[in-house]
Amino acid sequence: MMRFSVLVTGAALAVLTGAAGCQRPADAPLAAVPPAAVALQAAPAAGPPSVLPLGAPAALPDSLVLTPVPAVAEMPDTLRRAIAQLHTALGPAAAALRPAVLEQACVGYLTLRRTDPSFRAGLLAVADMDLPNTEERLWVLDLKNAKVLHRSLVAHGAGSGHLRARRFSNKESSACTSLGFYRTAGSYDGIHGYSRRLEGLDKGENANAYNRYVVLHAADYASPAYVHQHGHLGYSRGCPALPPEQFKAIISTVQGGTTLLLSGPGLHSRWLDGPVATRRFLAHGWG
């Protein structure tokens, strides 16, 4: 697994964020990344960037100590055990998917399916945005067959942080990632090619995603090659941007109506309803 940490100068980070943007249709204007967003994580540094070992956390630009994920409240043990069994069945490809994040994703998926059965059955995408962006932190899961269909790198917004995403926002021009549950919508051909729109389902958390053009799209700065060169991914204006080598397969799999969770510190969602999710599971399983 690729893990690199690089301390970059404020100027270098500004170049990276200036080159990164969410994908819009070809005729839609691109808003500039606000200077305040770049300044959030760009600390002045003397001399050239220095590569730092993971064993020296005090010197790292971002702490690699993950934020604890709270358990979903009022969730019966029946569903909690079923999710734990699913995690085991998913095998090594899901070993880095934290159980508590998978629990959030499954509860939201089941609650949404109970509320609106038109959500795609048995398919769930989840990104743990608390992991460093050098980690493959996006999973697309086949729940019925307990298989990991895709795992990939995914970029976060320039306003959210450097190696780790620390700040999240639903506001226009924030250049931040927005946490919460999404429903995938239609695909289109934008300035970065094949892309898929996302509908934010959590009021106050990600409900502006559609208007902000927070979409799934490819970006060179979200590639393994970029990590090898720079020690971290580049940054979007809030889009969960995907590697050029994988984006077509992932976007094709998560067709309209697929549940996507972007999880991270401070996640609040009305869809994390343990009792409702359990009733759905007992009646229909993962379907």
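**Entry 1: cysteines**

I looked for disulfides, meaning pairs of cysteine sulfur atoms within 2.5 Å, and the structure holds zero of them. I noted that this is a predicted model, in which local features need pLDDT of at least 70, side-chain atom pairs count only at pLDDT 80 or more, and totals for chains, interfaces and linings use all residues. Residues are numbered from 1 along each chain as its sequence is written, and side-chain values use heavy atoms, with hydrogens and water left out.

Buried means under 20% relative accessible area, exposed means over 50%, and partly exposed lies in between, with a 1.4 Å probe and protein chains only. Cys 106 is counted as buried because its relative accessibility is 0%. Cys 176 is buried because its relative accessibility is 0%.

**Entry 2: the chain as a whole**

I took helices (H or I, at least four residues) and strands (E, at least two) as DSSP runs, numbered from the N terminus. The chain has seven helices and nine strands. Of its 287 residues, 55% count as buried.

I counted a contact where heavy atoms lie within 4.5 Å. Among contacts in the chain with a separation of 6 or more, 70% join residues 24 or more positions apart.

**Entry 3: H3 and H4**

How do the axes of H3 and H4 cross? Axes here are lines fitted to C-alpha atoms, for helices over the stretch in contact, and angles run from 0 to 180 degrees between N-to-C directions. Helix H3 (residues 77-90) and helix H4 (residues 99-115) have axes that come within 10 Å and cross at roughly 115 degrees.

On the H3 side I listed Leu 79, Arg 80, Ile 83, Leu 86, His 87 and Leu 90 as making the contact. On the H4 side I listed Pro 99, Leu 102, Glu 103, Cys 106, Val 107 and Leu 110. By class, this contact has nine nonpolar, one polar and two charged residues. Ala, Val, Leu, Ile, Met, Phe, Trp, Tyr, Cys and Pro count as nonpolar, Asp, Glu, Lys and Arg as charged, and the others, Gly among them, as polar.

**Entry 4: H7**

In helix H7 (residues 274-284), I found Gly 274, Val 276, Ala 277, Thr 278, Arg 280 and Phe 281 buried. H3 and H4 are among what covers these residues. At the start of H7, a side-chain oxygen of Asp 273 comes within 3.2 Å of the backbone nitrogen of Val 276. Gly 285 follows H7 and has a positive phi, near 65 degrees.

Most residues other than glycine have a negative phi. I noted two residues with a positive value. Glu 74 has a phi of about 55 degrees and sits in the loop between strand S2 (50-51) and H3. Ala 175 has a phi near 60 degrees and lies in the loop between strand S5 (147-152) and strand S6 (180-190).

Are they buried or exposed? Glu 74 is exposed because its relative accessibility is 67%. Ala 175 is buried because its relative accessibility is 4%.

**Entry 5: Gly 122**

Gly 122 is in the loop between H4 and strand S3 (123-128). Gly 122 counts as buried because its relative accessibility is 5%. Gly 122 and Gly 287 are 165 residues apart in sequence, yet 5.1 Å apart in space, C-alpha to C-alpha. Leaving out residues up to four places away in sequence, I found that Gly 122 touches Tyr 109, Leu 141, Asp 142, Leu 143, Lys 144 and Trp 286.

Notes: Polar contact = N/O pair within 3.5 Å; in protein donor to acceptor, adjacent residues only side chain to side chain.
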